[in-house]
Every structure is written in C-alpha cells, then in structure tokens.
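Subject: Structure handover

Hi,

Here is the structure for you to look over. My notes on it follow below.

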Amino acid sequence: MGPWLSSPLPFLNKQKAIDLLYWRDIKQTGITFGSVLLLLFSLTQFSVVSVIAYLALAALSATISFRIYKSVLQAVQKTDEGHPFKSYLEMEMSLSQEQIQKYTDCLQSYVNSTVKELRRLFLVQDLVDSLKFAVLMWLLTYVGALFNGLTLLIMAVVSMFTLPVVYDKYQAQIDQYLGLVRTHINTVVAKIQAKIPGAKRKAD
C-alpha cells in the first residue's frame with residue numbers, strides 16, 4: 001500500500017476508500033470518478049447555486065417520472081404494490097448520538113492540531129520549519145497565479161484516482177527517485193542550517 005492514504009479518513013470506511021482509489025472495482029470507481037469530475041467541471045461553467053439547483057431538478061425529474069410511471073403501471077395492471085420508494089422511505093438515515101460525538105471529536109482533534117501547528121510555524125518555534133513553510137507559501141503564490149482553486153481541486157481529484165495506481169505499479173522506481181530527492185533536500189537544508197544562526201535543531 002502506497003503513502004497516498006497514510007492520513008486517516010474519519011468519514012469514510014478506510015478499506016472502501018482504498019478499494020476505490022486503487023480501482024479494485026472498476027465500475028464503482030469509474031462512476032465515482034466520473035461523477036466528481038462532472039460536478040467540478042460543471043462548477044467551472046456555472047455558479048454553485050445553479051449546479052445544486054440543476055442537480056436537484058434532475059433528481060426530482062427522475063423520481064417523479066418513475067413514481068408516475070409505476071402508478072400508471074399499477075393502475076393498468078390493477079396491482080397494489082404500494083409506493084415504489086417505500087423501502088428507501090422507511091430506511092433509517094439519522095445519525096446516532098454516538099456517531100455525531102465521534103465525528104465531532106475527530107473534527108475537534110484535527111482543528112486543534114492544525115491550530116497548534118500554525119501557531120508553531122508563525123511564531124517561529126523552529127526556524128527551519130518556519131522557513132520551509134515560508135518557501136511553500138511563496139511557491140503557492142506562483143501556483144495561485146497560474147491556476148484558480150477549482151482547477152487545483154480538479155487536478156487533486158485526478159491525482160487521487162491516478163497516483164495510487166501508478167505508485168502501486170512502479171513503487172520501486174518511484175521510491176528510488178524520491179530517496180534521491182530527499183537526500184538532496186536534506187543536504188541543502190543542512191547547509192542552510194550551518195549558515196543561519198539559531199537554525200540548527202536542538203538534539204531531542
């Protein structure tokens with residue numbers, strides 16, 4: 001399993017997410033991937049309100065048409081099958097108190113850890129980490145000038161559904177190149193640490 005799924009997925013079953021991103025069920029992954037991309041491309045052409053309204057209208061058109069069709073069919077055949085969506089209407093969809101508490105605790109944990117990390121970086125607890133963060137923000141200014149947020153989101157989705165498969169197939173070669181890059185970066189950082197006063201990390 002590659003490093004792409006190292007972070008926990010609190011709102012998704014982790015195994016299902018792995019199967020989805022690694023295309024182990026081609027039909028299910030294809031439908032999910034295509035639907036998400038279609039939604040994102042729609043957002044590039046229309047406003048969020050318009051896209052939501054069109055999706056709601058499409059869903060209502062399908063369900064109303066099916067309901068009318070089944071009603072006419074039951075009237076013609078003189079059957080009493082009941083509401084076509086009865087099983088779905090009776091399905092339990094509410095979240096339990098335990099589930100809500102679990103998701104709330106998980107969200108709180110992520111928010112707290114993010115706030116602590118940002119405080120550490122902006123208040124320069126570790127000079128090297130703050131410098132790395134500054135370089136990252138500087139690079140993002142160039143990325144933001146080339147792509148808008150929606151384009152980056154589309155690229156992220158495409159990467160999510162392609163990079164895990166590519167990594168799984170060419171793991172040895174990719175790990176070798178990543179090791180070389182990591183070694184080179186560590187060498188550069190070590191040189192910078194040696195030249196900047198106070199940049200050298202304290203021994204743990």
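A residue is called exposed when its relative accessible area is over 50%, and buried when it is under 20%; partly exposed is in between. Keep those cut-offs in mind for what follows. Also note that this is a predicted model.

K78 is found in the loop between α3 and α4 (86-89). At 75% relative accessibility, it is over the 50% cut-off, so K78 counts as exposed. Its phi is near 55°, a positive value in a residue other than glycine.

K70 lies in helix α3 (residues 48-77). Is this lysine buried or exposed? K70 has 18% relative accessibility, so it counts as buried. Leaving aside neighbours within four places in sequence, K70 is in contact with E81 and P84.

**Overall make-up**

The protein chain has eight helices and zero strands. From the N terminus on, the elements run α-α-α-α-α-α-α-α. Of the 204 residues in the protein chain, 14% are buried. Take the contacts with a separation of 6 or more: residues 24 or more positions apart account for 50% of them.

**Helix α2**

Helix α2 covers residues 26-45, which is 20 residues. From its first C-alpha to its last it reaches 28 Å. That is close to the 28 Å expected at 1.5 Å a residue.

Which residues of α2 are buried? They are T29, F33, L37 and L40. Seen down the axis of α2, the buried residues fall within an arc of 60°, so they line one face of the helix. An α-helix has 3.6 residues a turn, so residues three or four places apart point the same way. The face of α2 turned away from the buried side carries the exposed residues K27, I31, L38 and Q45.

What do the buried residues of α2 pack against? The partners are α1 (14-21) and α7 (149-169).

In α1, the buried residues are A17, I18, L20 and L21. Viewed down the axis of α1, they fall within an arc of 160°, so they line one face of the helix. What covers these buried residues of α1 includes α2 and α7.

W23 has a positive phi of about 55° although it is not a glycine. With 27% relative accessibility, W23 counts as partly exposed.

**The core**

The largest nonpolar core has eight residues. They are L20, L21, F33, L37, L40, I154, V157 and F161. Which elements give two or more residues to this core? The answer is α1, α2 and α7. In soluble globular proteins, nonpolar side chains tend to be buried together.

I154 is one of the core residues. Leaving aside neighbours within four places in sequence, I154 is in contact with L37, L40, F41 and T44.

**Aromatic rings**

How many aromatic pairs are there? The count comes to seven. The rings of F33 and F161 have their centres 4.7 Å apart and their planes at 25°, so the pair is stacked. This pair links distant parts of the chain: F33 is in helix α2 and F161 in helix α7, 128 residues apart. F33 has 15% relative accessibility and counts as buried. F161 counts as buried too, at 6% relative accessibility.

The rings of W138 and Y142 have their centres 5.2 Å apart and their planes at 80°, so this pair is edge-to-face. Both W138 and Y142 lie in helix α6 (residues 127-146). They are four residues apart, about one turn of the helix. Y142 is partly exposed, with a relative accessible area of 48%.

Ring pairs also link W23, F33 and F161 into a cluster. Separately, the charged end of R24 sits over the ring of Y22, 5.1 Å from the ring centre.

**To sum up**

Two places to start. One is the eight-residue core, to which α1, α2 and α7 each give two or more residues. The other is the stacked pair of F33 and F161.

Best wishes

How values were computed
Residues are numbered from 1 along each chain as its sequence is written. This is a predicted model: local features need pLDDT of at least 70, side-chain atom pairs count only at pLDDT 80 or more; totals for chains, interfaces and linings use all residues. Side-chain values use heavy atoms; hydrogens and water are left out. The expected span of a helix is 1.5 Å times one less than its number of residues. Buried means under 20% relative accessible area, exposed over 50%, partly exposed in between (1.4 Å probe, protein chains only). The arc is that of the directions from the helix axis to the C-beta atoms. Contact means heavy atoms within 4.5 Å. A nonpolar core is a set of buried Ala, Val, Leu, Ile, Met, Phe, Trp, Tyr and Cys residues joined through side-chain atoms within 4.5 Å. Rings of Phe, Tyr and Trp (its six-membered ring) pair if their centres lie within 6.5 Å; planes under 30 degrees apart count as stacked, over 60 as edge-to-face and the rest as tilted. A charge sits over a ring if NZ of Lys or CZ of Arg is within 6 Å of the ring centre and within 35 degrees of the ring normal.
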